Structure formats: C-alpha cells, structure tokens
Amino acid sequence: MPTAGVLVPLWLVAGAANVFASLLIALRVPEAMRARAYASFGAAVQGGSMAGYLLGSALLTRASPRPLIAVAGAAGILVVLVFVPVVARALYGPERG
C-alpha cells in the first residue's frame with residue numbers, strides 16, 4: 001500500500017461485510033438460536049484475528065511485511081472465491097446456486 005489512506009475503503013468494505021453478515025444472521029436464524037449464531041460468528045472472527053496475530057508475528061521474524069500482507073490478502077480473496085458457491089447454494093438452493 002502506498003499510503004494508509006488506501007486502506008480506508010478496504011476497512012469500510014470489511015465493516016459493511018460484517019454488518020451484512022449480522023443482518024443475515026438476524027434474518028435467517030430462528031430467534032431461539034440467534035444468540036448461539038451470533039456467539040459462533042463472533043468466536044470465528046475473534047479466533048481468526050488471534051490466529052492471524054500469532055502467525056503474523058512468527059512470520060515477521062523471517063520475512064518483510066509487504067510480501068506477507070500481499071500473500072495474506074491473496075489468501076483471503078481465494079477463500080472468498082471458494083466459499084461463494086457454498087453460500088449461494090445455502091441462500092438460493094442447489095437449482096439457483
């Protein structure tokens with residue numbers, strides 16, 4: 001990233017994705033199970049952050065930050081691309097996903 005200002009739109013997109021995920025939970029999960037769904041979602045997000053900090057700090061002892069950030073970003077995009085069909089099937093059913 002040339003400047004930190006380039007990250008602001010990415011942070012906004014990530015925030016919107018978080019709101020969208022919370023909205024999906026609110027709309028798709030039965031009320032009796034909603035607290036458990038929110039807790040699972042929060043645990044996944046926080047667990048991923050903790051694992052990222054741990055792995056990132058270990059990798060920073062051996063590599064410079066720029067390539068690590070590029071690889072992490074590419075991995076994130078790859079994970080999203082892999083799970084788009086799974087989420088589409090869950091939302092729309094096998095005939096439309």
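The legends below describe close-up views of a predicted model.

**View 1. Packing of helix 1 against helix 2.** Helix 1 covers residues 7-28 and helix 2 covers residues 34-60. Their axes lie 10 Å apart and meet at an angle of about 155°. Angles over 145 degrees count as roughly antiparallel, and helix 1 and helix 2 are therefore roughly antiparallel to each other. The crossing of helix 1 and helix 2 is right-handed.

**View 2. Residues in the contact of helix 1 with helix 2.** Helix 1 contributes N18, A21, S22, I25 and A26. From helix 2 come R34, A37, Y38 and F41. By type, the residues of this contact are six nonpolar, two polar and one charged. An α-helix has 3.6 residues a turn, so residues three or four places apart point the same way.

**View 3. Helix 3 along its length.** Helix 3 runs over residues 65-92, a total of 28 residues. From the first C-alpha to the last, helix 3 reaches 40 Å, close to the 40 Å expected at 1.5 Å a residue.

**View 4. The kink in helix 3 and the residue after the helix.** Helix 3 has a kink of about 35° at F83. G93 follows helix 3 and has a positive phi, near 90°.

Note on methods:
Residues numbered from 1 in each chain as written. Predicted model: local features only at pLDDT ≥ 70, side-chain atom pairs only at ≥ 80, totals over all residues. Heavy atoms only, no water. Helix = DSSP H or I, 4+ residues; strand = E, 2+ residues; numbered from the N terminus. Expected span 1.5 Å × (residues − 1). Bend = angle between axes of the 7 residues up to and from the residue. Axes fitted to C-alpha atoms, helices over the stretch in contact; angles between N-to-C directions. Parallel < 35°, antiparallel > 145°, perpendicular 65-115°, else oblique. Left-handed = near helix turned anticlockwise from the far one by under 90°. Contact = heavy atoms within 4.5 Å. Nonpolar A, V, L, I, M, F, W, Y, C, P; charged D, E, K, R; others polar.
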